[in-house]
Amino acid sequence: MAGSRIPEKYHPRQLGCPDLVPGLSLKGWWEREEISWIAKLESQAHIIREELLSLRDQKGFQPYRSPAYAGKTQAADKIGSLGTDSGSWNVFYLFLHDIEFEENCEKVPKTIEILRDIIPRNYFHAFFSAVTPGTHINPHNGPTGKKLRVHLPLVGVEGARMRVGDEMRYLEQDKCIIFDDSFNHEAWHDGEHTRINLIVDFWHPELTDDEVKFFSLLLKAKLKGEKFISSKVKNQDHLYAIIEQTKDLIKSNEDWWIS
């Protein structure tokens, strides 16, 4: 708001993030024990996994795409850019920046109830993230340092690893990993089966409730403005148009869901 995009103190691995907040801890990885409700979320993994597996024969997954300007590799169908340089990455959106994907949410009602009941100061950005064997998700930074990200690995976890900042960690089924995605990060999957995680964002725990309330108000106004402007422009290379264009591209999950 004061015109400064980079705080005086920051981590070099955060330089790709356009929205950093001064005064927050400069660490990429957070430990499970630091977040009080993580164990409770993990205890519900079997319920979430059961609903996830029920999606194998249903529609709702779509290719993950970013606007063309945000990625190095343009998709072959000219709809946005890919987030990978090998393999494939598909997503099943539940919430995207506070926008609810009602049709998808109705297919996993227990999961939605769990997310609403367990996660305090929910950022309402959640989805199932699926990568096929041999996938590499390119290095990237998240859009803001105001939140942390949780991955709950549910299926096909063997061979999955992630780098956040300068540290690599391997995933374990039903064990959450928590990180600040303002830090540069990337992921690999060297296993034999499709790896699917539940991804959930929540407001940074070091922000006060008043700060969260204020930042939430700004975020809603920003997203409302972006959506309005996007509806008026002819250029379809923006997030909302790309999601709409890709939602029906996957005709059958059998082509990529290797179990």
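**A pocket, a sheet and a helix pair**

Helix 3 supplies four residues to the lining of the second largest pocket, the largest share of that lining. The model is a predicted one. Helix 3 spans residues 102-107, and strand 8 (99-100) and helix 6 (239-246) also each give at least two residues to the lining. The pocket has a volume of about 450 Å³. Its lining counts 17 residues, and those nearest the centre are Q62, F101, I243, E244 and K247. By residue class, the lining of this second largest pocket holds nine charged, five nonpolar and three polar residues.

Five strands make up an open sheet with antiparallel pairing, in the order 6-10-15-12-13. Strand 6 (84-86) and strand 13 (167-170) are the edge strands; each has a single partner strand, so one side of each has no neighbour in the sheet. From one strand to the next the twist averages 20°. R161 has Y170 of strand 13 as its bridge partner.

Two packed helices are described by the distance between their axes and the angle between them. For helix 2 (residues 45-53) and helix 4 (residues 109-118), the axes come within 8 Å and cross at roughly 145°. The crossing of helix 2 and helix 4 is left-handed. Helix 2 makes the contact through I47, I48 and E51, and helix 4 through P109, K110, T111 and I114. The residues of this contact comprise four nonpolar, two charged and one polar.

Note on methods. Residues are numbered from 1 along each chain as its sequence is written. This is a predicted model: local features need pLDDT of at least 70, side-chain atom pairs count only at pLDDT 80 or more; totals for chains, interfaces and linings use all residues. Side-chain values use heavy atoms; hydrogens and water are left out. Axes are lines fitted to C-alpha atoms, for helices over the stretch in contact, and angles run from 0 to 180 degrees between N-to-C directions. A crossing is left-handed if the near helix is turned anticlockwise from the far one by less than a right angle, and right-handed if clockwise. Contact means heavy atoms within 4.5 Å. Ala, Val, Leu, Ile, Met, Phe, Trp, Tyr, Cys and Pro count as nonpolar, Asp, Glu, Lys and Arg as charged, and the others, Gly among them, as polar. On a 1 Å grid over the protein atoms alone, a cavity is a set of points where a 1.4 Å probe fits but cannot get out, and a pocket is an open set with protein on both sides within 12 Å along at least five of seven lines; lining residues have an atom within 4 Å of a point. Grid points are joined across faces, edges and corners, and a volume is the space filled by probe spheres set on the points. Two strands pair if DSSP finds at least two bridges between them.
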